[in-house]
Amino acid sequence: MGMELIGRHLSVHELRAVLNDPAAVDELLYGDLDDGDAEMPEPDLDLDRSWHVLHFALTGTAWQVTEGVGEAILGGTEIGGDGGYGPARLLDAATVRRVSAALDDLDDGALVARYDPAAMAAADIYPDHLRIAPEEFAGFVGPQLSALRAFYSDAAAAGQAVLLAIV
């Protein structure tokens, strides 16, 4: 296990619950923490440990959040308690639509072309073992980017907000 990024679409009812009581974030993302036998709910997005590599590919930075694709992984407003690697982040429906449109407009070839393992090493991108050879990057980033696009596209089409968390 390591630092993994998960995401969850929020219905209008769930969004209202989270805004009224940020403690509701824990149950939505992690399930019933008081029940030792309960399993964590299945996330709508699971980028596993590749989230930081993908964020770096999208933004060229380790932690900076910029409007559009730069909000897709580390964007949003912190909400709820610290889940171990910081609080979850909430992106409202308008932000979800903006991120979805920016991801749709993203040129996959340009993203692959700017992959730079030396720059990733200098920026201390997590985890080290995902610093792969440039010729392998297209095969790696393609499925991750597809999952990210689908996550935002589905939420945007339904007018939903999303929660993101590193667990």
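Biologist: Which residues form the negative surface patch?

Modeller: The negative patch is formed by Glu42, Asp44, Asp46, Asp48 and Asp154. A patch here takes residues with over 30% relative accessible area and no salt bridge, with like charges joined within 9 Å and nonpolar side chains (Val, Leu, Ile, Met, Phe, Trp, Tyr) within 5 Å. Keep in mind that this is a predicted model, where local features need pLDDT of at least 70, side-chain atom pairs count only at pLDDT 80 or more, and totals for chains, interfaces and linings use all residues. Residues are numbered from 1 along each chain as its sequence is written, and side-chain values use heavy atoms, leaving out hydrogens and water.

Biologist: Where is Asp44?

Modeller: Asp44 is in the loop between α2 (24-30) and β2 (45-48). Helices (H or I, at least four residues) and strands (E, at least two) are DSSP runs, numbered from the N terminus.

Biologist: And why is Asp44 called partly exposed?

Modeller: Because its relative accessible area is 41%. Buried means under 20%, exposed means over 50%, and partly exposed is in between, using a 1.4 Å probe and protein chains only.

Biologist: How many bridges join β1 to β2?

Modeller: Three bridges join β1 (residues 5-10) to β2, and the two strands run antiparallel. Strands count as paired if DSSP finds at least two bridges between them. In this pairing, Leu5 has Asp48 as its bridge partner, and Ile6 has Asp46.

Biologist: What else does β1 pair with, and over how many bridges?

Modeller: β1 also pairs with strand β5 (residues 161-166), in the antiparallel sense over six bridges. There, Leu5 stands opposite Ile166.

Biologist: Why is β1 described as largely enclosed?

Modeller: Six of the six residues of β1 are buried, so β1 is largely enclosed by the rest of the structure. Leu5, Gly7 and His9 point one way and Ile6, Arg8 and Leu10 the other way, and all are buried.

Biologist: Changing topic: how many salt bridges are there in the whole structure?

Modeller: A search of the whole structure finds four. A salt bridge means a side-chain nitrogen of Lys or Arg within 4 Å of a carboxyl oxygen of Asp or Glu.

Biologist: Which residue does Glu14 form a salt bridge with?

Modeller: Glu14 pairs with Arg8, and their closest N and O atoms are 3.1 Å apart. Glu14 is buried at 18% relative accessible area, and Arg8 also counts as buried at 18%.

Biologist: What about Arg149, which residue does its side chain meet?

Modeller: The side chain of Arg149 meets Asp108 in a salt bridge, 2.7 Å from N to O. The pair links distant parts of the chain, with Arg149 in helix α7 (residues 134-157) and Asp108 in helix α5 (residues 108-113), 41 residues apart. Arg149 is buried at 18%, whereas Asp108 is partly exposed at 37%.

Biologist: And Glu67, what does its side chain meet?

Modeller: Glu67 and Arg98 meet in a salt bridge, 4.0 Å from N to O. Arg98 lies in helix α4 (residues 93-105) and Glu67 in the loop between α3 (51-59) and β3 (77-82), 31 residues apart.

Biologist: Buried or exposed, that Glu67?

Modeller: Glu67 is exposed, with a relative accessible area of 63%, while Arg98 is partly exposed at 32%.

Notes:
Accessible areas come from the Shrake-Rupley method with a 1.4 Å probe; for residues, only the protein chains shown count as cover. Lys and Arg count as positive and Asp and Glu as negative; His and the chain ends are not counted. The place of a charge is taken as NZ of Lys, CZ of Arg, CG of Asp or CD of Glu.
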